[in-house]
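User: Can you take a look at this one with me? I have a few quick questions about how the side chains pack.

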Amino acid sequence: MARQVVPPTESRQDAVSNGNRRGGRWRVRLLEGVIVLLIGLNAYLVYSVATSSAFSSSAGRSAGAVPDPSVFQIQVEVLNGCGEPGIGQRVMRYLREQGFDVVHIDNADHFEYGETIVLDRRGENGPSRAARAVGGALGTPNVLLQRNDERMVDVSVVIGKDYGELLFHEETD
């Protein structure tokens with residue numbers, strides 16, 4: 001009887017090359033993962049440098065200086081709370097010259113406001129730096145947090161009867 005020789009289905013060399021292909025795929029996947037991680041880290045570093053440089057320009061100023069309003073990109077409304085005709089237009093022009101985006105002018109709910117107030121409509125734990133910048137530009141210390149998500153602005157300025165003491169009044173006289 002002759003022995004029948006069954007050819008092996010896979011030679012030793014084929015088995016080694018198949019193992020290398022599987023190991024090669026694993027290495028490629030690992031390398032791709034590392035590349036994605038490095039791209040993400042690079043994007044984070046670029047973002048953090050870009051955002052920190054926007055605020056570093058005002059870091060060297062004195063504590064009493066008004067920050068650059070373009071940093072905040074806020075929308076402001078001006079409300080006449082004193083009854084003086086044209087006061088809203090004058091304040092709007094002044095704030096726009098200072099770099100603020102005044103998007104709305106109207107009368108307040110009444111004309112009996114004794115002092116000008118700046119209301120932060122979007123703040124969380126007190127008035128934001130943006131709202132304080134508006135108050136600083138006008139020269140009023142009355143900056144309060146009064147959230148109102150229904151208003152389509154970030155800051156409301158209510159001009160009171162003390163408008164003659166505000167900074168815009170000095171420049172428009």
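User: How many aromatic pairs does a search of the whole structure find?
Analyst: The search finds 1 aromatic pair. Bear in mind that this is a predicted model.

User: Which residues form the pair, and what is the geometry?
Analyst: Tyr94 and Phe168 form the pair, with 6.3 Å centre to centre and 55° between the planes. The pair is tilted.

User: Where in the chain do the two sit?
Analyst: Tyr94 is in helix 2 and Phe168 is in helix 4, residues 167-172. They are 74 residues apart, and the pair links distant parts of the chain.

User: Is Tyr94 buried or exposed? And why?
Analyst: Tyr94 is buried, because its relative accessible area is 4%, and the cut-off for buried is under 20%. Phe168 also counts as buried, because its relative accessibility is 0%.

User: Different topic. Which residues touch the most other members of the largest nonpolar core?
Analyst: Val76, Leu95, Val134, Val157 and Ile159 do, out of 25 residues in that core.

User: Which elements each supply at least two residues of this core?
Analyst: Strand 1 (75-80), helix 2 (87-97), helix 3 (129-138) and strand 5 (155-159). The largest share, 6 residues, comes from helix 3.

User: What is Val76 in contact with, leaving aside neighbours within four places in sequence?
Analyst: The contacts of Val76 include Leu95, Phe100, Val134, Val153 and Val157. Asp101 and His104 are also among them.

User: Which residues does the second, separate core include?
Analyst: That core has 6 residues, including Leu79, Tyr113, Ile117 and Val158.

Technical notes:
Residues numbered from 1 in each chain as written. Predicted model: local features only at pLDDT ≥ 70, side-chain atom pairs only at ≥ 80, totals over all residues. Heavy atoms only, no water. Core = buried A, V, L, I, M, F, W, Y, C linked by side-chain atoms within 4.5 Å. Buried < 20%, exposed > 50% of the residue type's maximum accessible area, 1.4 Å probe, protein only. Helix = DSSP H or I, 4+ residues; strand = E, 2+ residues; numbered from the N terminus. Contact = heavy atoms within 4.5 Å. Phe/Tyr/Trp six-rings, centres within 6.5 Å; stacked < 30°, edge-to-face > 60°.
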